[in-house]
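Student: Could we go through the aromatic contacts of this protein together?
Tutor: Gladly, here it is.

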Amino acid sequence: MKKFNSNKVLLILLSTVLLASCSKSNKSVSTLTGWEYNNPKYGGFQANSNYREQGPPPGMVLIEGGTFTMGSVQDDVMFDWNTTPVKQQVRSFYMDEAEVTNIEYLLYLQYLEKVFPPSDDTYRKIYQAALPDTLVWRNTLGFNELLTENYLRHPAYAEYPVVGVSWRQASEYCKWRTDRVNEKILIDKGVLHTLFDMDSLEVEGANRFDTETYLTNPNLLFDGDSSIYYKGIRDFSKKDKKTEGSFTGRHVKTSDGILAQRFRLPTEAEWEYAAKAEIENREYNSIRGRKKYSWNGHSTREESRRYKGDQMANFKQGKGDYSGLAGWSNDGADITMRIKSYKPNAFGLYDMSGNVAEWVADVYRPIIDNDANDFSYFRGNVFNKKQIDKEGNVVVVDYNSVEFDTLDNGKIVPRDLPGSVKYVPVTKRDAFMRNNYEKAYNIDNGDGDLASTKQFFRDEDDSEEKPRMYNSPLIPRQIGESGLIIQQYDTKTRNTLISDQTRVFKGGSWKDRAFWLDPAQRRYLPEYMATNFIGFRCATDKLGQMSYSRRRKESK
């Protein structure tokens, strides 16, 4: 009779428990049907529930969502009456620690110059469309030519926020950043080769990495020859190291959970919520909405003993006073200044008050109605879908199909870049029998449509100009022989700049008085215009739970 080995039995039981726990954690078996995932015998259906929090993207911090009072209850000395306080809920998201700098924007320009060579007529327009307007520094009664020549490219201003960038240019930068971050992720994961390091591949035009195109169909990249740059994909459903695991012979999918979400401009609600950072004084501020600056307190000067009296931000202190007296009460800058020169707010964000104002995603309207959506509020939705050709394939923009628009200020910009997926607005058929939206274009939803105008009874065919809520400039659209719009002026009397192309910018700048440092204040400018005091920073969505800390507490 064999001797009973208790240690061996214990080892077998322990192994069984570990295998069962691994099976449960890897979600290899459906708990509702008993079918095995990732098993060819059961159809090879894939599942990955082992999503690991990747943390903030490079240069970003987590903004944990919550409720806050959007708007201001302070005295409105400008009498704009456009900051009516409204209770809003904001979802968790990531946001740049500081504004996009000149050196970061120059990387974007160098990439465009390399991939879309300006020597080509079509590519030249793509590169030129991204160039900041350096002439915003000029003043008819000021001597600022030095800044027009040096501010963008001189290393002395490398870590200063980029200015002279329009809302449209800032939005295009966010799209480009999405592709570069995801391309770097796939390179680090061992999925893609470094494209610029391959002698057999020329990264130009449509021959580049595009996130949406890759997720739609990787074979749409590089004329269908993905073997040029593609290594494979490891099994990311397992909790292995960055470069460990076996290749599964397929491309990365959204369900693998390794790609970053789209970078974008923050919404107005997100930006204001992040700037106010009411987490440092919840009882008083979140209920009454009385926080005046991005820091705690009602003064622009430092109250701590060591730095008492020092300015807390870079702003205009009075007429003819952009910095303060030399050597005393000086904010350190006469124009913009190096990012992160002042303390961050409670969320870890720098320069949310002062230095430069910032573009946000929203279209401007004078009020945010109390009846408006109170969850992730945003005005500017145009719902799109991927364009499908007659053969049922997704349309990708190639060299010969790049379309250009002429903006109201005469600048020519591409609608889509070569290699990107082409989108078109959804149709009424797509929205049929839906109770959450009825059409693609929702910018003027409940404001500025036919029923909101004084002449709502007038038929649109009675006049060349459609009845509108706001009497903003309407640039004539005459097409020339080249197919581009001929520049013309609107000769009619106008009384406002508010239109569906007018975007919000938030925060004060080096050029503004302290009143505009209040995160609740709102201003606007047409999306194609740029100034020497407006910059931008990017945001992106956080998936899963609202915060890291709560997840850690639950795991314990």
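Aromatic contacts

Student: Is Phe68 buried or exposed?
Tutor: This is a predicted model, in which local features need pLDDT of at least 70, side-chain atom pairs count only at pLDDT 80 or more, and totals for chains, interfaces and linings use all residues. Residues are numbered from 1 along each chain as its sequence is written, and side-chain values use heavy atoms, leaving out hydrogens and water. Buried means under 20% relative accessible area, exposed over 50%, and partly exposed in between (1.4 Å probe, protein chains only). Phe68 has 0% relative accessibility, so the residue counts as buried.

Student: How many aromatic pairs does the structure hold?
Tutor: Rings of Phe, Tyr and Trp (its six-membered ring) pair if their centres lie within 6.5 Å; planes under 30 degrees apart count as stacked, over 60 as edge-to-face and the rest as tilted. By that rule, the number of aromatic pairs is 27.

Student: What kind of aromatic pair do Phe68 and Tyr273 form?
Tutor: Their ring centres are 5.3 Å apart. With 70 degrees between the planes, the pair is edge-to-face.

Student: Is Tyr273 buried or exposed?
Tutor: Its relative accessibility is 8%. Tyr273 therefore counts as buried.

Student: What kind of aromatic pair do Trp137 and Trp510 form?
Tutor: Trp137 has a relative accessible area of 3% and is buried, and Trp510, at 6%, counts as buried too. Their rings lie 5.8 Å centre to centre. With 25 degrees between the planes, the pair is stacked.

Student: Which residue lies over the face of Trp516?
Tutor: A charge sits over a ring if NZ of Lys or CZ of Arg is within 6 Å of the ring centre and within 35 degrees of the ring normal. Here the distance from the ring centre is 4.3 Å, and the residue is Arg523.
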